[in-house]
Structures are given as C-alpha cells and as structure tokens.
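Let's take a walk through a protein chain together.

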Amino acid sequence: MFDQFTVVTDPVGESVALSAIFAVLPLLTLFVLLGVLKVKAWLAGVISLAVALIVAVAVYAMPIGQAVLSATEGAAFGFFPILWIVINAIWVYNLTVESGHFDVLRRSFERVSPDMRIQAIIIAFCFGALLEALAGFGTPVAITVVMLMALGFRPIHAASVSLLANTAPVAFGALATPIVTLASVSSGANPDPRLTVDTLGAMVGRQTPILAVVVPLMLVALVDGRRGIRQTWPAAVVAGVSFGLAQFVAANYISVPLTDIVAALVSAAAVVLLVRVWRPATPADLGREPEAAAVPAARGSVDAELAGSGTVRAAAGTRSDTTSTAAPGLGGSGGETPPGDPRIDETSPVGRHRDDDLEPRPTDQVRAATAGGRRIADTPAEIGRAYAPYLIIIAIFSVANLGAVKTALAKEPWTVKFAWPGLDILGGNGKPLSSVTFTLNWLPAAGTLMILAGILTALVLRVSAGRALRAYGRTYVELRYAIVTVMAVLALAYVMNQSGQTNTLGAFLAAAGGAFVFLSAILGWIGVAVTGSDTSANALFGALQVQTAARAGLDPLLLAAANSSGGVLGKMISPQNLAIAAGAVGMAGREGEIFRKVFGWSLVLLLFMCVLVALQASPVLSWMVP
C-alpha cells in the first residue's frame, strides 16, 4: 500500500498516445463539470481529484497509499502557501472595509475618473498588477473584484474584468517567483548557460509586454463593447503601452523581481496624467439598471444587513458620489445586462453606522455632505490612511526581499524543509522527485508577511483587536468554498504530477517535434489552468520544455519562456482563481458562469501567444531572443 513508486510515462501498452487518453481524463472531467454541467467549483474539484486517484491507481499502478499521500501533500500546498496568502490578503482588505477606509479609497479612485471603463483600467489592470507583483497567487483578483463591485460593477462582470486583467503581470508575480522557479528546474535539465533568472526574465519580458498592450483594450470592450473601445481607447492604449514598455525595460535592464512593481506604477501614473488633460465622453446610460448585489464583508458608510452566508448586502438606493448613475452595456447598445452593482443609499445622515458598531469609524468624523447631492469629502489624513495598507505591504515585502534578509529567512528555524511523511516516489531517472520535499517557510511566506501587514493596518486604521479578529474569522467563512476548491485542485495536480499523468501529456505534445514550438505555450496554459499558479506550471513543465527543445533542435530559452508566458493566459480559467473571484463577491456556486465569460478571451490571447512564439523561433522575430 505504501510501497515505493517509480513514475512511468507510458503505462498503457507502452504507448504515450494511448496513455494520454487516460491521463487527460481528470482535466476533461474538471472542465466539463465547470463549463458544461455548471457544477460548483469545489464539487468539480473533489470529483476530478477522485478521477485522478482512480487513474493513478488503476492505470499507472501507483500504490493506493502513495496516491493518497500525494493528494494530501497537494492539499497542504494548496493551503500553504497559496491560500495562506489569499486569506490574509483579503483580511487586510476586510480591515479597510471594517474601518470605513475602503469607501475613502473607492472615492479616491473615482475622483481620478468617474468613468467606469477608466476605473476598470486603473483598478483591475494597474492596481491589480501591483498586487500581483507583491503577492500573486490570486490576491489581485480577490481584492480588485470587490473594489470594482463597490464602484458600480455587477459581481459577475467585476469578476470577469479582474480575471482578464490578471494576465500580463502574472509571469513576474510575487517578485518574479515563477521566473525563479523556471530557472531552477530548467537549468538542471539543460546545460544551456542562458537558463538563468536574468535571461529567462528578459525573454519573458519580450513576450508578455505585447499582451499588456492589448489587455486594457479588451477590458474596456468587456465593460462597454465597441463603444467603450471607441470612446476610451486613448486611456487603454496609454495604459497598455506604458505598462509594456516599463515591463520590457525593467525585465531586461533593471531588475527581474521588481518588473511588475515598476510597470504597475508607471502605467498608473501615465493614466492619471492622461485623464487630467483628457476625459472620455461618458454616455448617459453608463450605469443603468442597478441591482442589489452581495459584497463580502462590506461594512462601509451605508446601511447594510449581514446576510446569513457571511456576505453583506447593500440596500438599494442611488449612488450620489459618482458622475455616472448607470452601468455600461456590454455591447454599448444596452442589449445585454449592463454591469452595475447596487445603487447605494447615501441619503441617510452622514456618518451613520450600524447599531452593533460600538466604536466610531474614523470616516464618520471627516465626511461632509452637500445639502442636495450628499457629496462626501475626505480629509488628506483619511485618504492617507486609506492608502496606508498598500504602502505597508510594499514596505514589508521590500524589506523581506532584501538580499541579506531574504537569505537569513530562508534558513532554519524560519524555513524548514522536510520529506512528506511516507511519500516515496522516484522519477524516471531513478532519483526522488523534488516535489516530495515540502518547504514550510512559515515566517518569510507571503501570507505571514500579510498577517504582519494586517496587524500594522489595524493599528493605523484604528481597528480594535476584537474587530480585527472577528473580521479574520469572517474571512475564512467567506472563502470556505474557495478553500475546498483550491485544496482539491492542488491535490489533483500533485496526484497527476507524481503518478506520471502530466508527464504523459507533456510527452504526447512533445512528439510534435519542430511543431512543438507552436504548442509550447499551450503546455504552460494547461499547467496554470490546472494548478492556478504560473510557478507551479513552470515547476511542472519547465524541465520538459527544455528537454524537448534539445531533442527537436529548438531554442530551450524560448520554449522555457513560452511555458511561463503561455501559462499566464490560463490564470483566468483556473478553478482556483474562479473560486477566489466568486467567493470574494459572494457568488459561490456560479464559477461556471464566470468561466464561460472569460474562456473565449483566454483562447484568443493563447492563440496570439502561440503565433508570437512561433515567429520568435523563425527568422521573422528571432532577433527578439537574447
């Protein structure tokens, strides 16, 4: 039951093609359950995990004990570090809601531009990229989706916009952790001296910036159709071009780990400067027909009632602190349900809060309303506090990633590495798989740093310990389905990887030979779609990419980079990220609906990346390869 297991690639008739038919079953099950049968993500994840276990045991002859242990390690990895950072990042956000400062932040963004299409660019693309740079692992989606919802987007459209925006920055997310992982696994499988963090980062920095140019245009198209593109293309182009250029320069000439931080700040500054001298025409129907919507833990300046599911529903009313009062139609013609969330009733006395809020909110003291429009003004001090959590996060992560500090925290007792108990799996080369070693970096983990940021945030925002703890408990309740989904799908990924199923799929694609250059990005896309992480996809297929390149006479640097660049396009359809987005806006159970909205965008961008990589492998764009 717990006998040693050696990974095999062709268990069915010693044929990779026949074996691939069985190896793909867990993935097909997952995607059919989500996209066709509309099964809840957590249930789809559990069922697909069961299919992966059956295939591992029945087809790949993996001992039952080893298969179960593999699943437990994957589930543990799903919680730590992935869920650990997402949960704690959302807690920091919830603290801003608890104190009322999220409303201040929202109004600050609105003052940049009242146009919801511009807000989508600034928040989902620019601010989301900054969060991706600092944390990654679903954090930007979890936070920006609720921010968009509070600004007037309906939950499903807020989720779609946030997922689509979370593409170009992903490869350099969490201070370039995916690139660092890719360099580690690929350099050990191919002697090419270019397979380093700097060179791989430079190569990825010559692929994803091109995506960055088109993503903001897609965002405004998703928000307001052709009309959105026609009226706001200057802002979309400025955001995309400035982000892409900054990402290219930073990745190639400044610092790979700081790439997204530089690009996000440059892009945000460019858009802010643009809207100071140019404003798009905002149609009268931009924001029509609002509806009540659930906003997790939303305890802002308006009356709200705590729903039994752990979400807060804002009372219907009219928004008065924005220029637009209607949500945009997707096609610009009003034919489809426009994205707009509940009209917020701010006609009640300024500063009013729930009876159970025994402690006054800071914003209660600084809100001033005009007699007619109830225009809310915030003091510079309150605006500063609203931005403080993100400045705190930047400061903490910057210190933690200083060379000396990072090296010290990577050692015991702050970081402990151990073999997963009872798990005994050998690779095809007869050596133990590196994935059976679990890294518990309990102090330097991004989630732990987020807890520190949360404590400091609570102090700055003057949230008492009791309220902060209650907010932390609510965060777990809100994300309970997302937690099950992520742990189940990571367990699935580990079982597929350690039983040999992913190797089979990779080898099957690699049989394409020279044509594999077109398929290499697809392999990364599959890896991220399954694991939800570009880091995991690079660990999964990075070595395979460079080994295939050697056999097919292709450039290993290009294929390794394509794995990461193609992988970022699978982020928006990953069940983990779908569950995080749905859970963050109180839409648990509707992940399949979100999946269908973003799947087409994912395929279009993937095809674009496949063509780009193929051209970079040809004389046409070979000059782009370092």
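Which residues are buried in helix 18? They are Gln501, Thr502, Thr504, Leu505, Gly506, Leu509 and Ala510, where buried means under 20% relative accessible area with a 1.4 Å probe, counting protein chains only. So helix 18, residues 501–510, is mostly covered, with seven of its 10 residues buried. Helices here are DSSP runs of H or I with at least four residues, strands are runs of E with at least two, and both are numbered from the N terminus.

A quick word on what you're looking at: this is a predicted model, where local features need pLDDT of at least 70, side-chain atom pairs count only at pLDDT 80 or more, and totals for chains, interfaces and linings use all residues. Residues are numbered from 1 along each chain as its sequence is written, and side-chain values use heavy atoms, with hydrogens and water left out.

Now find helix 6 (residues 116–134) and helix 8 (residues 155–165): their axes, lines fitted to C-alpha atoms over the stretch in contact, come within 8 Å and cross at roughly 55°. That makes helix 6 oblique to helix 8, as oblique covers whatever is left after under 35 degrees (roughly parallel), over 145 (roughly antiparallel) and 65 to 115 (roughly perpendicular). Ala120, Ala124 and Phe125 of helix 6 meet Val161, Ser162 and Ala165 of helix 8, contact meaning heavy atoms within 4.5 Å.

Finally, zoom out. The chain has 23 helices and seven strands, and 60% of its 626 residues count as buried.

Notes
Axes are lines fitted to C-alpha atoms, for helices over the stretch in contact, and angles run from 0 to 180 degrees between N-to-C directions. Buried means under 20% relative accessible area, exposed over 50%, partly exposed in between (1.4 Å probe, protein chains only).
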